[in-house]
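Q: Please take a close look at one helix in this model and at the salt bridge search. Then set that part in its wider context.

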Amino acid sequence: NHNALLYYLGYIINNRESTIVLGGRLKVPLGLSNMPEYFEESYGLYVVHDSSWGKKPKPHSGHAVMRCNAAIYWSSKALKVVCDATAHAESAEMARVLKSTTFARMLHEDSKREVKGPSYSLGDNSACHQLVQKEGSSQATRHFERAIAAIKYAVMMLIIRPMLVPTEQMIA
């Protein structure tokens, strides 16, 4: 994977006038009804994430950073925190998503390919979706507020925009 990433970066830097088209014309991400704002200008950069919960104390979760209809980076592993609710597990994964999204955006900007607007973060948990967009904290989120605070900041600064998609259409 490391060699593939280096090849990909080299291609982007040496071919600034063209883009890699991994799957033809950009497609609307599964779960959304129309093309998001600034999606085409940002080469279809978005991320999908999901987490399991209830089977073990540190649930498994994963995400994929998508660009030009293909996954350019992905991660799948157990969380490092013990989760007591599905929203907690989803928000812990969303904090990892934020790091990957920020990295992908920095790579684009370093290769002179501006990312316009926020990168869309597609998840299927409505409780997490509400938590990261609501101002302030609550008694229910106090024990994992640091992860939520970073995500809320990214939402306010238009780094990411959480989008709720149906579980049946979640590709993560």
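A: The protein has four helices and five strands, where helices (H or I, at least four residues) and strands (E, at least two) are DSSP runs numbered from the N terminus. From the N terminus on, the order is α-β-β-β-α-β-α-α-β. This is a predicted model, in which local features need pLDDT of at least 70, side-chain atom pairs count only at pLDDT 80 or more, and totals for chains, interfaces and linings use all residues. Residues are numbered from 1 along each chain as its sequence is written, and side-chain values use heavy atoms, with hydrogens and water left out.

Now the helix. Helix α2 covers residues 86-110, which is 25 residues. The expected span is 1.5 Å times one less than the number of residues. For α2 that gives 36 Å, and the end C-alpha atoms are 36 Å apart, so the two agree. Just after α2, Lys112 has a positive phi of about 65°.

Next, the salt bridge. The term means a side-chain nitrogen of Lys or Arg within 4 Å of a carboxyl oxygen of Asp or Glu. The whole structure holds one. Arg96 pairs with Glu93, with the closest N and O atoms 2.7 Å apart. Both partners belong to helix α2; they are three residues apart, so about one helical turn separates them. Buried means under 20% relative accessible area, exposed over 50%, and partly exposed in between (1.4 Å probe, protein chains only). Arg96 is buried at 17%. Glu93 is buried too, at 0%. Across the protein, buried residues make up 42% of the 172 residues.

Aromatic rings come next. Rings of Phe, Tyr and Trp (its six-membered ring) pair if their centres lie within 6.5 Å; planes under 30 degrees apart are stacked, over 60 edge-to-face, and the rest tilted. The count is one aromatic pair. Phe39 and Tyr46 have ring centres 5.7 Å apart and planes at 45°, so this pair is tilted. Phe39 is buried, at 3% relative accessible area. Tyr46 is buried as well, at 9%.

A charge also sits over a ring. The rule asks for NZ of Lys or CZ of Arg within 6 Å of the ring centre and within 35 degrees of the ring normal. Arg113 lies over the face of Tyr43, 5.5 Å from the ring centre.

Finally, Met157. This residue lies in the loop between α4 (145-156) and β5 (160-164). Met157 is partly exposed, at 48% relative accessibility.
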